[in-house]
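Q: I'd like to learn how to read aromatic pairs and a chain interface. Can you walk me through it?

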Amino acid sequence: MGMLLVLGGTLVLWKPHLAATSVLDTHISEPTAASTPEPTPEPTPLYRESGSAVDADTYLQDGRKVEILPGQSYWGMERLAVTVKEHRCRYMTGSGTLLPDYQCGDPVPESEAVEDEWFSDACFIGNSLQQGFMLYGGLRTADIFATQSISITNIYYEDVVNTGDGLISIMDAMAQKQYSKVFILLGINELGFSKGYFTESYGALIDQVRELEPDAQIYLESITPITKAESDSESMFTASRVNSFNELIRQLAADKEAHYLNIFDVWVGEDGYMPGGYTADGVHPYPRFYPLILDYLKTHTITEVRK
Amino acid sequence: VKRHFCAFLSILAVFLLCSCAKQSEEPSKKIADLSAFAQELMATGAFSEELSLVDAEIGCDLYGLEPDAASEMLFYMSSGATAEELVLFRCAPEKMNGILKVCQNRNELQKSLYASYKPEEVPKLENNIWMTCDDALMFGVPADSQKVTDFLDGYFK
């Protein structure tokens, strides 16, 4: 596999074992896309290169896709024309791997773990489970505003964040700073809502977060599992409602261009419930299980490719 | 005159605070090790779940305290299943009133949040228990406040 370099806005293809004998820097910028009055859905040829140093269907670091068209032989190797599709790939993992097949609403796929610093421009908001993550998850680089009883309705007005000078709401606390990433963990306290009201209210919350944090990617964390005993009790917490509300959250991620993080998988047993040994009340895991959420978040990262 | 009156009030407040602390005929036993004291107290079964020590910086954020509010701070928190908490501070006597007030403010907030969230936890918050001893302050929300009282009686006997 060769290397692909972008130098001063031009593309250079380099194949190590041929570098000594091949002239591979014959890069010709052809900004035909810019000069074409009307864009076409066809690949936009921005560069044409001599030499074969990239594979077809690979992606540049800026998200453009490389296509190699049949060419002619050149110094003993196949001469190829390279066409680059502009911004075909919109998302990449936190560690920089492009995700051409990913769409919002898909569960964020597993990827190479990032460092805690990746979350230094992140804000986490949510309910008691998010507070548990704040207390016991082990992440020290992000801002986390969360407490028990918070839902998609009272997150706007319930003054619960202690500033030292008084209490403010979670939304007001978040709005004090511009973040690049906002993680939302809500839904368990809303299991008694109608599905229509939940979708409408959660959607409005996402819109509000986007208005307050216009440059942020928004991550919707799934509702976490409950125990079978809790599900079988008389409470509003049932496994089937958790599952159906998670489907609503996933659909919201698709509709609102947010990212769905399926943290449900972290604490679920093979039977679809949280194991009884994980929790005292059937809903909130013991502190020792929260670092597993951090591990999940660090290995399920996604961000928009820088344009 | 106003200044002297304020000073008098401050002295009175400190006096009242000290008088609320557990006292006996003998000189008060000092709490040499806050962590060991907390472990002993939690071992009595006064708390219905195992409380976990959290990072002091996070505890300060939660309570709205400055990181240098006390020379030592221990925050033992619930998993989220209950409203139970235990916090201990080692601080200068003149800071004790302020820290106690912060703890009481948090307790009031917790009461208002739990009232609609888990009403069964509200009595625990109402039966909160605190004590001061020399340079140590403890504020607790146990499941069984009588066990805490019994422990303190035994500890300072």
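Q: Is Y63(B) buried or exposed?
A: Buried means under 20% relative accessible area, exposed over 50% and partly exposed in between, with a 1.4 Å probe and protein chains only. Y63(B) comes out at 3%, so Y63(B) is buried. F75(B) is buried too, at 0%. This is a predicted model: local features need pLDDT of at least 70, side-chain atom pairs count only at pLDDT 80 or more, and totals for chains, interfaces and linings use all residues. Residues are numbered from 1 along each chain as its sequence is written, and side-chain values use heavy atoms, leaving out hydrogens and water.

Q: How are the rings of Y63(B) and F75(B) arranged?
A: You describe a pair of aromatic rings by the distance of the centres and the angle of the planes. Rings of Phe, Tyr and Trp (its six-membered ring) pair if their centres lie within 6.5 Å; planes under 30 degrees apart are stacked, over 60 edge-to-face, the rest tilted. Here the centres are 5.3 Å apart and the planes at 55°, so the Y63(B)–F75(B) pair is tilted. Y63(B) sits in helix α3 of chain B and F75(B) in strand β2 (residues 72-77), so the pair ties together parts 12 residues apart in sequence. Helices (H or I, at least four residues) and strands (E, at least two) are DSSP runs, numbered from the N terminus.

Q: Which salt bridge does R140(A) form?
A: A salt bridge needs a side-chain nitrogen of Lys or Arg within 4 Å of a carboxyl oxygen of Asp or Glu. R140(A) pairs with D55(B), with the closest N and O atoms 3.7 Å apart. Chain B and chain A have two salt bridges between them.

Notes
Chains are lettered from A and ligands numbered from 1 in the order in which they are written.
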